[in-house]
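Here's a quick tour of one model, going from domains down to single residues and back out to a chain interface. Have the structure open as you read.

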Amino acid sequence: MIPGPFAYHRPKSVAEAVAMLADLGPEARPLAGGHSLIPMMKLRLAVPEHLVDLGGLGELKGIKAEGNDIVIGAMTTQHELIADATLAAKLPIIRETALVIADPQVRYVGTIGGNVANGDPGNDMPALMLCLGASYQIAGKGSQRRVPARDFYEGAYMTALSQGEMVTAVRIPVPPAGHGYAYEKLKRKIGDYATAAAAVILTMTQGTVTTCSIGLTNLAETPLLAEDAAKAVIGTSLDAAAVKKAAAAAEAIANPASDNRGPAAYRKKMAGVMTARALQRAKARAK
Amino acid sequence: MAKSHVTLKVNGKPVEALVEPRTLLIHFLREQLNLTGPHIGCDTSHCGACTVDLNGKSVKSCTLFAVQADGGDVLTIEGMAAADGTLHALQEGFREMHGLQCGFCTPGMIVRAHRLLKENPNPSEDEIRMGISGNLCRCTGYQNIVKAIQYAAAKLSGGAFKAAAE
Amino acid sequence: MNDQTPSKEERAERLQGMGCKRKRVEDIRFVQGKGNYVDDMKLPGMLYGDFTRSPYGHARIKKIDATKAKAVSGVLAVLTAADLKPLSLHYMPTLAGDVQAVLAEEKVLFQNQEVAFIIAEDRYVAADAADLVEVEYEELPILVDPFKAMAPGAPVLREDIKDKTEGAHGKRKHYNHIFSWEIGDREATDAAFKKAEVSIKELISYQRVHPCPLETCQCVASFDKIKGELTVWGTFQAPHVIRTVASLISKIPEHKIHIIAPDIGGGFGNKVGAYPGYICAIVASIVTGRPVKWVEDRIENLSTTSFARDYHMTTEIAATKDGKVTGLRVHVLADHGAFDSCADPSKWPAGFFNIVTGSYDFPVAHCAVDGVYTNKAPGGVAYRCSFRVTEAAYCIERAMDILAQKLNMDPAELRMKNLVRKEQFPYQSALGWEYDSGDYHTALQKAMDKVSYKKLREEQKQRQESFKRGETRELMGIGVAFFTEIVGAGPSRNCDILGIAMFDSAEIRIHPTGAVIARMGTKSQGQGHETTYAQIIATELGLPADDIMIEEGNTDTAPYGLGTYGSRSTPTAGAATAMAARKIKAKAQMIAADLLEVSEYDLEWDVDRFQVKGNPERFKTMKELAWAAYNRVPKGLEPGLEAVNYYDPPNMTYPFGAYICVVDVDVDTGVTKVRRFYALDDCGTRINPMIIEGQVHGGLTEAFGIAMGQEIRYDEMGNVTGPTFMDYFMPTAVETPKWETDWTTTPSPHHPIGAKGVGESPNVGGVPCFANAVNDAFKFLGSTHIAMPHDHWRTWTVADKLGLHG
């Protein structure tokens with residue numbers, strides 16, 4: 001219930017923040033919304049010696065269009081994502097997903113940066129980012145680079161971030177207008193991590209699927225891009241047989257842990273069921 | 001560890017204090033400011049008994065360090081009634097509709113409902129239930145809490161709430 | 001009298017007495033955040049205590065080194081069993097006749113067991129130091145399967161009592177055995193089974209859960225060295241019992257111990273007994289001479305301060321082929337964890353489990369219970385269930401459904417055929433209880449009519465056909481439960497806690513201006529006693545409830561009581577309240593007669609006054625009589641107007657109810673949606689309908705949590721899985737169904753106001769109703785019994801095993 005002691009730092013710019021992270025070494029952690037980190041600190045599963053609070057950094061806020069991309073500052077909260085009109089119009093899957101993350105209080109504070117960057121297999125946004133083909137802007141002391149979400153996740157709590165680096169923004173290419181989308185999340189109760197969840201983005205032309213991507217949440221140590229499942233529906237009308245094939249393909253790559261949500265075998269099957277239901281809902285929305 | 005200096009407003013009053021960086025906001029409020037309205041009910045940021053309003057947002061004060069509230073504006077249950085003691089419509093509604101029993105979840109529930117009604121002054125029942133999904137109650141089964149919030153919503157928009165408490 | 005004179009009805013309404021939806025007095029402080037809970041307390045010089053706990057479920061302690069912990073700045077002391085042993089406090093007696101380790105001495109017996117107690121200047125320092133106590137353990141084999149507890153060669157758990165062949169309740173069959181208990185006519189029951197036309201047998205298990213009030217267990221202990229007096233503020237549902245126990249184990253005389261239970265944030269049975277945290281805080285205060293606060297966190301609460309249920313009930317019913325039950329036979333394996341700290345009345349090691357004949361007229365029955373030790377948290381407590389009544393109700397209600405299925409009878413029809421009939425009350429059950437009153441058939445019929453039961457069954461039939469044709473992937477289930485519970489412990493002839501009879505008490509004093517203060521031996525944790533006891537007094541004495549102050553929880557001022565749990569407050573202290581009020585009323589009548597210069601027998605009571613029979617314009621209100629009591633009492637009477645009553649109930653009370661629910665199960669995910677839940681409760685006289693409905697809502701929500709997802713589970717390594725709110729299923733407002741409540745009123749014939757108690761009925765009846773509904777959904781496919789909890793993966797697995805996934 002009580003965290004261990006740490007030194008607290010409040011940088012006034014991103015440059016200062018990454019310099020601190022680099023200089024203070026591996027015992028320094030960035031503090032975004034803190035709603036993954038602080039609970040772990042209270043259980044003493046995480047005992048950082050330094051916290052670098054990103055709360056004051058206006059540079060990391062904001063949602064703006066840049067060409068065909070939407071760029072979201074890493075410190076944008078789930079609440080801000082839900083409220084944003086541009087996202088609602090252009091990327092409605094983000095709002096749908098944010099609404100099933102945790103609860104209203106956590107959404108007021110929890111950030112997209114935190115949700116995508118800490119490598120927790122239970123977080124919902126990463127699968128979405130894989131599905132959307134998003135990329136992450138990463139800053140380090142004296143460095144800037146961009147890494148596609150699809151190359152970012154290496155294992156549970158292991159990402160492409162080097163020590164001293166942090167995600168500053170999420171860049172998402174906007175899917176074509178009229179795209180079908182759905183985030184289908186099976187959970188024990190509202191706000192829980194997924195027992196299994198599937199994100200689907202697709203486009204249809206004259207009743208046939210032209211593009212599709214599928215991401216899976218909490219079904220392995222990293223979020224999964226279900227490429228075979230997506231391929232199985234492209235060129236089809238998303239009839240029952242195609243959906244069944246996609247579900248089977250999603251199930252095939254799922255490798256969940258057994259936990260209090262259920263045994264691995266059950267969760268694996270649910271990967272298929274969630275994929276099927278997400279495809280059906282996405283189809284209903286596609287124009 | 002060296003202490004940090006924090007300055008903030010709490011229930012409309014300026015507050016200045018020295019805190020350890022690791023001091024959770026809930027402990028700062030309860031122990032240093034003697035605001036024992038918000039409560040601690042869990043260790044994993046689920047129950048919401050600690051909910052306060054920070055800079056216009058409902059937050060779980062057990063999952064924030066006091067230093068993160070530096071420069072901020074905090075509202076707790078103790079700040080809900082008017083200066084002359086008149087109860088807020090929510091406080092009145094919770095009593096009218098029997099929306100509490102042991103009272104432990106109540107401060108967090110009321111402060112959350114306050115922000116909920118600011119976000120959405122006329123919520124449907126489903127919106128209310130989603131809106132309080134970060135606040136657990138063991139006594140009431142939520143049904144009368146929903147009514148209490150509906151009562152307050154009606155009163156705040158100048159109407160009256162028809163149903164009685166069960 | 002003129003048209004300005006308030007009518008009788010108006011006068012009654014102003015009293016806000018029994019039967020009205022009086023708004024709660026408690027709310028005024030709670031909605032302003034001005035409740036006074038234990039952790040709100042700050043005393044000068046107060047210290048904090050925290051525990052170092054065992055990571056292992058079964059291990060020998062080789063060495064404890066507290067050097068590093070003691071070196072932390074702000075730490076005053078670290079207590080271990082070695083420090084408590086000279087005071088004989090390293091073990092404490094439990095309410096079940098066992099002993100429980102306060103701090104582990106030679107071994108630990110469950111994960112998170114208390115090993116060391118840190119005393120520090122603030123809670124952050126205490127937490128840091130708790131992590132620095134170094135303990136060397138030697139792991140021992142784990143025993144978590146109660147069915148293996150009495151196997152030859154099973155790990156020896158309780159070495160402290162290994163050679164004791166007699167326990168508190170008789171012979172021990174094995175070193176891991178605690179007690180055997182049985183009741184009923186074994187011979188006659190066996191005979192009934194031998195000649196039964198039909199019988200069913202099923203292992204019905206009620207999983208281990210935890211009462212989990214939102215406020216955890218906590219206390220502040222303060223020993224005054226100068227006066228030799230101990231004061232403890234704490235989360236105590238039974239403050240007087242705590243005082244007596246504290247005196248017996250600490251040897252501090254009882255009059256020098258002050259126990260105060262302030263506002264409590266929910267109890268549900270979790271806060272009845274004593275825990276190591278209380279004992280350590282008391283010792284710490286004695287040792288340091290300063291107040292010591294101990295507050296457990298949620299993980300500690302869910303994994304160490306007791307548990308509930310964990311009953312494995314092998315259940316058999318014998319019946320005729322047209323559905324008349326002829327016998328009931330139940331054997332229970334009770335898993336008590338590492339220590340039997342069950343909070344039952346002392347003669348009842350299995351609580352009132354023998355209510356297991358339920359609402360049905362069984363001519364013969366027999367039940368036997370064996371308690372065993374395992375490497376799990378000790379207990380169990382009565383989680384909103386009287387004592388083991390929830391287990392018994394779940395057992396019989398599931399079993400009746402299984403029997404109905406075997407007989408191909410509708411479950412409601414089977415119940416109607418076997419419910420105890422109205423004319424049979426007071427009813428002697430085959431397992432020894434005398435049920436006070438009931439009209440079961442009316443209640444069940446009312447429930448069935450309200451939900452249009454026949455139509456629901458027709459709809460279900462259609463949906464089953466639809467499912468078979470592949471048109472839907474949802475299964476509809478209808479759950480019926482008719483429970484009888486036994487509450488209000490209890491008559492001194494059969495109920496005592498550590499030898500103290502389970503009466504309860506009320507003391508009422510009327511002030512000269514007609515205002516009242518009353519104190520009871522019970523202790524509300526949210527049930528609204530400050531509001532409802534005043535309503536009883538208001539009706540009995542004709543004084544406005546708003547002028548009546550109710551106090552509970554301070555052992556110096558409240559008359560001795562056994563506390564609040566087991567829905568006993570209204571049956572015992574509520575009765576004492578009425579009885580004390582009637583003593584006052586009798587004296588008031590004498591004063592009135594004297595003032596009005598008539599004989600007492602010429603007076604009649606009318607709402608708030610004694611009036612002269614035939615001449616109602618001559619009257620004295622109770623308010624006037626209060627004043628007179630302080631200045632003009634008749635010769636031979638003392639001044640003042642007060643009374644105390646200690647009420648030894650002549651019997652338990654038997655609330656009952658009919659619950660029906662409708663669910664829709666998604667076979668492809670295992671998700672169950674509750675479409676409708678209707679609950680009819682009969683608690684006898686209804687003191688405050690608003691509060692009753694609130695209790696029912698809350699209890700049904702707890703039942704929902706239990707039936708649909710709660711469990712405290714241990715793996716084979718003795719690790720408790722999921723003692724946090726991440727995993728322990730606590731429904732939010734989103735999952736929680738909407739509740740429909742209804743009632744019938746069958747007063748208790750032996751209770752002064754005919755009331756029975758109601759707080760626990762919804763947990764008793766709710767769980768089997770949900771369980772029966774989920775089971776009912778799968779019946780037509782051949783399923784006979786599915787164990788709780790009915791969470792997603794288990795329900796899906798049932799569907800899978802039935803071949804529903806193609």
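## Where domains 2 and 3 of chain C meet

In this predicted model, 20 residues of domain 2 of chain C are in contact with 24 residues of domain 3 of chain C. On the domain 2 side, helix H9 (residues 298-304) of chain C gives the most, with 5 residues. That side of domain 2 of chain C divides into 8 nonpolar, 10 polar and 2 charged residues.

As for the bounds, the domain assignment of chain C puts domain 2 at 41-140 + 215-265 + 271-304 and domain 3 at 308-489 + 652-801, while domain 1 takes 9-36 + 504-647. Between the C-alpha centres of domain 2 of chain C and domain 3 of chain C there are 37 Å.

## A closer look at C:Leu109

Go to the loop between strand S6 (107-108) and strand S7 (114-120) of chain C, and you'll find C:Leu109. Is C:Leu109 buried or exposed? It counts as buried, because it has 29 C-beta neighbours inside 10 Å, and the cut-off for buried is 20 or more.

Setting aside residues up to four places away in sequence, C:Leu109 touches C:His58, C:Leu157, C:Ala338 and C:Asn375. Check C:Ile142 too: it is 33 residues from C:Leu109 along the chain, with 9.0 Å between their C-alpha atoms.

## A three-stranded sheet

S6 also belongs to an open sheet of 3 strands in chain C, ordered S6-S2-S8 with antiparallel pairing. Which strands stand at the edges? They are S6 and strand S8 (134-139) of chain C; each has a single partner strand, so one side of each is left without a neighbour in the sheet.

Strand S2 (residues 59-65) of chain C is joined to S8(C) by 6 bridges, and the two run antiparallel.

## The nonpolar core

The largest nonpolar core has 419 residues. Among those with the most contacts inside it are A:Val200, A:Ala250, C:Ile118 and C:Phe770. Leaving out neighbours within four places in sequence, A:Ala250 is in contact with residues including A:Ala198, A:Ile214, A:Leu216 and A:Thr275.

## Chain B against chain C

Here 44 residues of chain B are in contact with 44 residues of chain C. Helices H2 (89-96), H3 (106-119), H4 (125-131) and H5 (143-156) of chain B are the elements that give two or more residues to the chain B side. H2(B) has the largest share, 4 residues. By class, that side of chain B has 20 nonpolar, 17 polar and 7 charged residues.

Methods. Residues are numbered from 1 along each chain as its sequence is written. Chains are lettered from A and ligands numbered from 1 in the order in which they are written. This is a predicted model: local features need pLDDT of at least 70, side-chain atom pairs count only at pLDDT 80 or more; totals for chains, interfaces and linings use all residues. Domain bounds come from an automatic or database domain assignment. Two residues are in contact if their C-beta atoms, placed from the backbone, lie within 7 Å. Ala, Val, Leu, Ile, Met, Phe, Trp, Tyr, Cys and Pro count as nonpolar, Asp, Glu, Lys and Arg as charged, and the others, Gly among them, as polar. A residue is buried if 20 or more other C-beta atoms lie within 10 Å of its own, exposed if 12 or fewer, and partly exposed in between; C-beta atoms are placed from the backbone. A nonpolar core is a set of buried Ala, Val, Leu, Ile, Met, Phe, Trp, Tyr and Cys residues joined through C-beta atoms within 7 Å. Two strands pair if DSSP finds at least two bridges between them.
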